[in-house]
Amino acid sequence: MAFQDYKPWLGITGSRWIGLDNFERIFQYKEATQAIVNTLIIAVSKIIVGIIVPIVMAILLSEIRNMGIKKSVQTLVYLPHFLSWVTVAGLMIDILGLDGGINHILTRIFGNDPIYFLGDPDLFRFTVVISDVWKSFGFGMIVYLATIAGINPSYYEAAEIDGATRRQQIRYVTLPSMLPMIIVISTLSLGNILDAGFDQVFNLYNPLVYSTGDIIDTYVYRSSLLNGQYGFGTAVGLFKSGISLILIVVSYRLAYKYANYKIF
Amino acid sequence: MYHKTTGYRVFSYFNYVFMILAGLACFLPLLHLLAQSLSSKAAISGNMVSFWPVGFNVDAYVKTFNNSNFNGAMLTSITRTVLGTTISMFILTCAGYALSKEFRGRNVLMWFFIFTMLFSGGLIPSYILITALGLKDTIWALVLPGAFGAYNLILLVNFFKTIPKALEEAAFIDGASFFVILSKIYLPLSLPGIATVSLFIMVGHWNSWFDGILYMSDASKYPLASFLQTVVVQSNMQNMAMSQSEVAAMSEQSIKAAQIFVSTLPIILVYPFLQRYFVKGIVLGAVKE
């Protein structure tokens, strides 16, 4: 289908074969290239922030000694992961709206004009990345918390006798122990480089922010299912899948080579 | 020792405050939603509602549960969740059990399944396939495509692998069949894994909305998440089946909030059970020697 001028009433056998035309059009249509650029920017920011925040939060949380507080915080921060993006979008549209809670607080403290987080092209990517982190950082912490809990306490005792401060202990004991896990998670997330999160963007974006917020998946949806360019939409999807596949295979190889990680 | 330095104490106080704030930040939006759903219209439009209902009333909930579209969608969601989880778990445990053994061609088979996770044909081909199979507009379109998730398969295989071989051999000598071994030995012993995977599948089914919009041509067949998507995101007030006078009397926001809250409630209710298992499940699935 990706190589055809597909018409639903003609089917695969009846539609005209047009070779690579659909793929060429990906790079000719301004909207399509813009969608690819947006996808890359959003996905890469999500990956970077999504790696750093859970690590930092896991280290900070493991410094909390009161078990009751620690457990409650854990329970609360895992929760958003299980909410659907539809629910989260519903929350966000309300809270981030012009007269929503966040603007209410901001205008009261800074006295600025209300900020339209979801309608301002300059802010939309930022909003998407931050809300994604909000939703998933807790879940990302789980593996790191388990790793930290598994560190042999005698390392810390030895470091303590040698006069290491807590900061030095984290720098020279905790972080190195987490490193293999960090490497695995980071390499595996490489495969997401073309995946900016359809569920999220589709529920949050609007025509105002197409210029910065339209990603490959939403573009495919609109160009094919809404505008009837089936062959072209499929070509864009195939293009994305192909590149993702290569990236995933490479990243699994890397993870296996440097951290001896096997998926099964 | 370090606990006693002033620097660490200061850090510790800030850390406590910061962590509690982070926890609250993940929870307060939901509380805000609940407060809104229970507040009066005047309070909401006056922006007076924060985390406690103002002008308490349950009209929005009455309206929500009297809405036949909402109830129908709820029923569809329950059906797909129960049906989908049952089918998925049956296929996955059988496949996982077989694939946790060593046999010729196992790796080829495994990569064959994993390939489905790495590479997808895309939106249109899936749509055409479902239509051609005659699944469109039936509950099966929501249940079958995701029934055999490779990610869940990997989790299960890794779980089954941790069970000692000797147990199986002993059962064999006692004359147990493969099926008896699977149901009497493997399933009970890997309960955290089974629970994790089935809860993931359940939550996944409950939350997925796009397949409903894609495969159901008629909005009355939407599952709850798709219904909600049209109401909340597309702000499709027609779906709420309200007359003009009702719209004027009730706050749109409060009804939206009630609908979101009711549809999120099952997740919040299973969450405590979920949490007991998934931490273990995730860690076992991800960290291996």
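Predicted model: local features only at pLDDT ≥ 70, side-chain atom pairs only at ≥ 80, totals over all residues.
Student: Okay, which residues of H5(A) are buried?

Tutor: Quick word on the name: helices (H or I, at least four residues) and strands (E, at least two) are DSSP runs, numbered from the N terminus. In H5(A), the buried ones are Trp85(A), Val86(A), Thr87(A), Val88(A), Ala89(A), Gly90(A), Leu91(A), Met92(A), Ile93(A) and Asp94(A). That is ten of the eleven residues, so H5(A) is largely enclosed by the rest of the structure.

Student: How many helices and strands are there in chain A?

Tutor: Chain A has 13 helices and two strands. Its C-alpha atoms fill a box of roughly 75 × 55 × 25 Å along the principal axes, and 37% of its 264 residues count as buried. Chain B has 16 helices and zero strands, with 34% of its 289 residues buried.

Student: What share of the contacts in chain A comes from residues 24 or more positions apart?

Tutor: Here a contact is two residues whose C-beta atoms, placed from the backbone, lie within 7 Å. Counting contacts with a separation of 6 or more, residues 24 or more positions apart account for 69% in chain A, and for 71% in chain B.

Student: And how many residues of chain A are in contact with chain B?

Tutor: 50 residues of chain A are in contact with 48 residues of chain B. Several helices of chain A give two or more residues to that side, including H3 (30-62), H7 (121-149) and H13 (230-259). H13(A) provides the largest share, eight residues. By class, the chain A side has 29 nonpolar, 15 polar and six charged residues. (Ala, Val, Leu, Ile, Met, Phe, Trp, Tyr, Cys and Pro count as nonpolar, Asp, Glu, Lys and Arg as charged, and the others, Gly among them, as polar.)

Student: How do the axes of H3(A) and H1(B) cross?

Tutor: Axes are lines fitted to C-alpha atoms, for helices over the stretch in contact, and angles run from 0 to 180 degrees between N-to-C directions. The axes of H3(A) and H1(B), residues 6-25, come within 10 Å and cross at roughly 125 degrees. H3(A) and H1(B) are therefore oblique to each other. (Under 35 degrees is roughly parallel, over 145 roughly antiparallel, 65 to 115 roughly perpendicular, and the rest oblique.) Their crossing is left-handed, a word used if the near helix is turned anticlockwise from the far one by less than a right angle, with right-handed for clockwise.

Student: Which residues meet there, in H3(A) and H1(B)?

Tutor: Met57(A), Leu60(A) and Leu61(A) of H3(A) meet Asn15(B), Phe18(B), Met19(B) and Ala22(B) of H1(B). By class, this contact has six nonpolar, one polar and no charged residues.

Student: What about H5(B) and H12(B): is their crossing left-handed or right-handed?

Tutor: Right-handed. The axes of H5(B), residues 68-99, and H12(B), residues 191-207, come within 9 Å and cross at roughly 145 degrees. Among the residues that meet are Gly84(B) and Ser88(B) in H5(B) and Ile201(B) and His205(B) in H12(B). That contact has six nonpolar, seven polar and one charged residues.

Student: Into which domains is chain B divided?

Tutor: Domain 1 (1-57) and domain 2 (59-286); such bounds come from an automatic or database domain assignment. Nine residues of domain 1 touch eleven of domain 2. H2(B) gives the most to the domain 1 side, with four residues.

Student: Last one: is Ser226(B) buried or exposed?

Tutor: Ser226(B), in H14 (residues 224-233) of chain B, has 25 C-beta neighbours inside 10 Å, so Ser226(B) counts as buried. Beyond its neighbours within four places in sequence, Ser226(B) contacts Trp209(B), Gly212(B) and Ile213(B). Now try Glu169(B), in H10 (residues 165-173) of chain B: with 11 C-beta neighbours inside 10 Å, Glu169(B) counts as exposed.

Definitions and conventions
Residues numbered from 1 in each chain as written. Chains lettered and ligands numbered in written order. Buried ≥ 20, exposed ≤ 12 C-beta atoms within 10 Å, placed from the backbone.
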